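Dear colleague,

Please read them alongside the coordinates.

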Amino acid sequence: METSDKIEREAQDAIRQLQSGSPHGLRRLVDCLGPRMFSFLKSLLGSAADAEDALQETFITICGKASQQNSEIGSVKGWAYKIARNHGLQILRHRQSDSRKIPAPQSSPPNPAQALDRALLLEDVDHALESVPVELKMPFLMRECLELTYEQIAELTDKSVNQVAAEIYRARQLLREYVRT
Amino acid sequence: MSTLNPHEHDGPCATFQMALSAAFDGEKTAGDFAHPSALDGHGNSCDDCKAFRQILECLHQPLLKSRDMPIPSTLRDRLNSIPLTRKPGPTLLEQMMKTLTESGIFQPAIAMLLLVALVGAALSLRNFGNQTPPILKHSQKAAMNANLLTLQATGEAAFSLPSSGNLRLWGGPAELTLDEFSSNNVALTMKSGRVCCNWEARGSVPFRLAFGASQLEIVGTTWRLSLEPTGNAQLEVAEGKVRVSPVGKLVGKPVGKPVGTLVAKSIDVSGLQKVRISAAGEVSPPEAFNPFVDPQLGIPPSQIWIGER
């Protein structure tokens, strides 16, 4: 949480510089929010190229709307993350024409009590995430990649805290099944 | 999606695991699920719940590493080159004006300065397009030198506008110049070769492409233009609409003018149509064009739209 507060303070300073038209403000904002948003979008979209596009669109929106953002009121980080989430969702909607079905685990279901006997790689998790419905993986990734609290996620996604908790749990449950198959 | 209530499902396991999941995230478990410590007895004896506890950490570690990794340097450069909407501080001219006004230097000096500023503004307006560098999103087997884009046969280049306009060029080889690429106007000139293009913009951003003696006015669309060494060209429109307007030599049928005066005639080419355009800018009647079997355009029939969106 301390890291999270540090990021928020840095983002607030950076947005103030950006509002005065300083390119240094943009660089600071890219450095402080970029890595988490990129990680979030990459796992959400399952593609680094799409994540790069979404992140670029996110920063274009941030630069365009920076003057409207009051860094004294509300969270700059939350505002930026919401923009990133919306651009991620936009790309996912474009893809909907493919009407991909959620693939079921290929092999027979493993014994639920069976534990993983190896450490997971990011590729394993990203691959498994492809099979998790977006409404479950969104809060899960907001928690894991953006380090938002359940309350913050609930606020950004217009849901109750209990609903967020349930969706994150359900995402983990599905991921658990998929990483073992 | 309805709220998942663990009590409705498989009893103590779901309740315990949901509480465990929330506790792992440092959340005070609230409302209708218990704190995991209240169910420790179950957690210690249930293999499934022990395995779930382990998976939480296994899933967390790779994502934790990922979020702390710096973004690729090429992406960082792209992001840092996003044009800002406001200028940093007063311009040199503004500073000089302020100094002159404050120091009480008499009117002729200010008038002279204003004249210089007006000439400067006129020149900068003429070159407005060059001041807004296009945002290159992707570049694969394509080179951008100043405003000249060289695209190889299997190359691709994508540009975006702050106002959410997206331009994708592929299917070369081709040479094009990006004369202007701003939210007010997009103007390209095709020098040689063949190119496929997809253009989408929110709102109406005028998009013109000049080549030889003709100019294309493009409304959000996908098309291919092939220039031949003879100067003739072929335009194949997969979706949307392209208006072909001859410029330079005025050719075509006289419309409402005395005999002997040739008038440029614009022709609208809709999706699923193709036309040939002569070096002099003469446009042939549209013929049918099938983009579905075209490997370069590769658009499924269900995604085609024709005319203006």
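Helices (H or I, at least four residues) and strands (E, at least two) are taken as DSSP runs and numbered from the N terminus. This is a predicted model, in which local features need pLDDT of at least 70 and side-chain atom pairs count only at pLDDT 80 or more, while totals for chains, interfaces and linings use all residues. Residues are numbered from 1 along each chain as its sequence is written, chains are lettered from A and ligands numbered from 1 in the order in which they are written, and side-chain values use heavy atoms, with hydrogens and water left out.

On the backbone, A:D158, which lies in the loop between α7 (150-157) and α8 (161-179) of chain A, has a positive phi near 55 degrees although it is not a glycine. A:D158 is exposed, at a relative accessible area of 68%, where exposed means over 50%, buried under 20% and partly exposed in between (1.4 Å probe, protein chains only). B:L272, in the loop between β9 (267-270) and β10 (273-277) of chain B, likewise has a positive phi, of about 70 degrees, and is partly exposed at 27%.

The peptide bond from B:G172 to B:P173 is cis, with omega near 5 degrees, and B:P173 sits in the loop between β3 (165-170) and β4 (174-181) of chain B.

For B:C49, the nearest cysteine sulfur is that of B:C46, 3.7 Å away, and B:C49 is buried, with a relative accessible area of 0%.

Best wishes

How values were computed. A disulfide is a pair of cysteine sulfur atoms within 2.5 Å.
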